[in-house]
Amino acid sequence: MKKIWAFLIIAALVCASLCACSGNAQTTDDKPDSKQNSEAQQNPENNASSSSGGLRLLSNRYGDGACNTENGYYYLTTETAKLRDGSYGTHLMYMDFASGREIYLCSTAGCKHDSLDCPAVFSYDDFPTVSTIPFVFGDRLYILSREYDNDGSVSQGVFGLGDAGSSVENQPAVLYRASLDGTGREKIFTFDAGLTLEDKVIGNDKGIYVITKKLSTDKDGNQTYTTSSERKLMFLDLDSLSLREVCSMDFGDHISWKIIGCSQNEFLLCGDDFGREITRDETWNEDVYKELYKNSSKVYTLLNRDGGKPKEIARQSNRCSSSVQLLGNNLYLSSEENQNIEVLDFQTGEKKTLCTLPQNLIMDTLGDTLCCRGWDLADDPTWYFVDTKTGAVTKTPLIIPRNGWSIEFRGETATDALFIYDYDATDNKDGSYEIHRYKHALISKDDLFAGKDNYRKIEMIGPGQ
């Protein structure tokens, strides 16, 4: 289906808290060629199989079915295509940074990419759109096929099917492995069919961490609520392909904790503390929940990768919108109530003001630089950059020429940032656009932070992402 984006909906895409793992840029040295898959050996210090054993985010921090290395960007299309046999599938695309060209991840001469024997084709039945997660670990490409996680949702009428209290039956999550050129794809691990996986994949030198849970539905009149239980942090060893429980994510504090980042041997967790457990009726009553939320706090804790109890390191009042980013041992925090960006060294407990900036909504990081916007996203499309070493602030003049919206970052390498610089789109004349293709480009971080606009366009053949 075509994507229609309304201008004012941009604000809804910003979470109350945004964060990233330290060292989240994956690095390699080779193109996805089966004869050149030596990136793990070339760059052992920068991939998930490094001897440091530190935690790193493997799934895309922008929340889409994509990942990147030093040499290119992989993504799964979200629109299905009819294949030669009448079934439907999506395509795995690859943007090669060196050549500035996008290709189907297939090197078979004359292939039309319309059958399941093409390495770039993914069956719609086996790989759900939007929720499937590709990532690179060592010198291999992994694809985690998982159903969409609708925990906390409510549906009405015919969509509320199933008996009260019934378990949700999903297609089991499956992990696949392939070469970086897409060939040799094989199923290597199948999770229990009763488990739903959340959307974060974090790795160390041996394997990956995921959160699993069981979903169930409960009917109340014509509404059906989906809730979760038995949330657990699990570790999958990619050598032995054995799965073990690290710890329960229920710490007995009535807080629903989410992993939002990682640093060395610890996960950064975030949750809203209401002071007590709130009921389902309170959650779904807009006025009641709004009042409860205003009087709650957003809490940040660190959880050791071996489990145990999380340790609180910071909290912010939910009376004002706030943001956070994690880099190394530092947590960067801001709030709409003032113009400061604070930095907390959670090893020493020292907290100080990094800089003062009206546009202090921290939305992203590129290397050691914070990427910030104004709190009213519809009002100002400009990106502001804060050097975490000096506190110096710069900005970029780059915006989307088609409609004046903000550019969108999609990945980074050691030296460059990948971003959407424009759209092929139809103006719906109501403030929204039907986007047919996202146009990508690379720009050096030095030029971006210096306010220069000499970017290098990627020659696109797919819809982009």
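**Charges, rings and a sheet**

Mentor: The charged end of arginine 410 sits over the ring of tyrosine 62, 5.9 Å from its centre. Keep in mind that this is a predicted model.

Trainee: Which ring does the charged end of arginine 185 sit over?

Mentor: That of phenylalanine 122, at 3.7 Å from the ring's centre.

Trainee: Okay, rings with rings now. How many aromatic pairs are there in the whole structure?

Mentor: A search finds 20. One of them joins tyrosine 209 and phenylalanine 267. Their ring centres are 5.2 Å apart.

Trainee: Why is that pair called edge-to-face?

Mentor: Because the planes stand at 75 degrees, and over 60 counts as edge-to-face.

Trainee: Where in the chain are the two?

Mentor: Tyrosine 209 is in strand β17 and phenylalanine 267 in strand β21. They are 58 residues apart. Both tyrosine 209 and phenylalanine 267 are buried.

Trainee: And tyrosine 421 with tyrosine 455, what sort of pair is that?

Mentor: Tilted, because the planes are at 35 degrees. The centres lie 5.3 Å apart.

Trainee: Is tyrosine 421 buried or exposed?

Mentor: Buried, with a relative accessible area of 10%. Tyrosine 455 is partly exposed, at 27%.

Trainee: Which residues do ring pairs link into a cluster?

Mentor: Trp383, Phe385, Phe409 and Phe449.

Trainee: New topic: sheets. In what order do the strands of the open sheet run?

Mentor: β24-β25-β26-β27, with antiparallel pairing. The edge strands are β24 and β27; each pairs on one side only.

Trainee: How many bridges do β25 and β26 pair over?

Mentor: 5. Asparagine 330 stands opposite aspartate 345 in β26.

Definitions and conventions
Residues are numbered from 1 along each chain as its sequence is written. This is a predicted model: local features need pLDDT of at least 70, side-chain atom pairs count only at pLDDT 80 or more; totals for chains, interfaces and linings use all residues. Side-chain values use heavy atoms; hydrogens and water are left out. Two strands pair if DSSP finds at least two bridges between them. Helices (H or I, at least four residues) and strands (E, at least two) are DSSP runs, numbered from the N terminus. Rings of Phe, Tyr and Trp (its six-membered ring) pair if their centres lie within 6.5 Å; planes under 30 degrees apart count as stacked, over 60 as edge-to-face and the rest as tilted. Buried means under 20% relative accessible area, exposed over 50%, partly exposed in between (1.4 Å probe, protein chains only). A charge sits over a ring if NZ of Lys or CZ of Arg is within 6 Å of the ring centre and within 35 degrees of the ring normal.
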